[in-house]
Amino acid sequence: MLATHSSNGIILGDLGTGQRIGFLPVGKGSTLHFDAGGNLYGYINLQPHRWPITMADNRFKVGQPERLNLPAHFPQSNLAISADGRFAAEPLNNAGSIVLDRQTGKITRHEPQRDVRCVAVHPDGSLVASFSWWNAGGLRSVGEEPSGNR
């Protein structure tokens, strides 16, 4: 499946045929990702969300969006997801980055770091990397609490 933002929602397409297979009328958004289970993640009106996607009778069924417990953010923010969907991370510009453990609800902030623009979560969820124009960024264990400048 392919998910693409349009000016008024998310277009879902079949990668094999190139055909449009659905549309989510969610308004403007950005940054779309799938986890290994096929669930969709992205921003709607600057708020990070997750849509559960299942297969029934050879058709995709998209459930109601779940608001992720992460702060609303600027439009060019990126959302990073572990392969199993347990960990979600986002950059917080001049406040470092933040990681949500969706299983426990725990939030870990990785700071201080200036101008964080991108984050990535290792597929197994063990590490988060952040990128800044001002330094090389950081690589930390997902649950690691900050300990000074990195």
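Biologist: Which residue in β3 is the bridge partner of isoleucine 11?

Modeller: Phenylalanine 23 is the partner of isoleucine 11. Keep in mind that this is a predicted model, where local features need pLDDT of at least 70 and side-chain atom pairs count only at pLDDT 80 or more, while totals for chains, interfaces and linings use all residues. Residues are numbered from 1 along each chain as its sequence is written, and side-chain values use heavy atoms, with hydrogens and water left out.

Biologist: What makes β2 and β3 a pair?

Modeller: Two strands pair if DSSP finds at least two bridges between them. Strand β2 (residues 9–13) and β3 have four bridges, in the antiparallel sense, so they pass. The strands themselves are DSSP runs (E, at least two residues), numbered from the N terminus.

Biologist: Why do β1 and β3 count as edges?

Modeller: The open sheet has three strands in the order β1-β2-β3, with antiparallel pairing. β1 (2–6) and β3 (20–24) each have a single partner strand, so one side of each is left without a neighbour in the sheet.

Biologist: Now the charged pairs. Why is the contact of glutamate 66 with arginine 50 called a salt bridge?

Modeller: The term asks for a side-chain nitrogen of Lys or Arg within 4 Å of a carboxyl oxygen of Asp or Glu. For glutamate 66 and arginine 50, the closest N and O atoms are 3.4 Å apart, so the pair qualifies. Glutamate 66 lies in strand β9 (residues 66–67) and arginine 50 in strand β6 (residues 47–51), so the bridge ties together parts that are 16 residues apart in sequence.

Biologist: How do you know whether arginine 50 is buried or exposed?

Modeller: Buried means under 20% relative accessible area, exposed over 50%, and partly exposed in between (1.4 Å probe, protein chains only). Arginine 50 has 15%, so it is buried. Glutamate 66, at 32%, counts as partly exposed.

Biologist: What makes Arg50, Glu66 and Arg102 one network?

Modeller: Shared partners in salt bridges join them. Besides its bridge with arginine 50, glutamate 66 meets the side chain of arginine 102 at 3.3 Å, N to O. Arginine 102 lies in the loop between β12 (97–101) and β13 (107–110) and glutamate 66 in β9, so that pair ties together parts 36 residues apart in sequence.

Biologist: How many salt bridges does the structure hold?

Modeller: Three. One of them joins arginine 86 and aspartate 101, with the closest N and O atoms 2.7 Å apart. Aspartate 101 is buried at 8%, whereas arginine 86, at 27%, counts as partly exposed.
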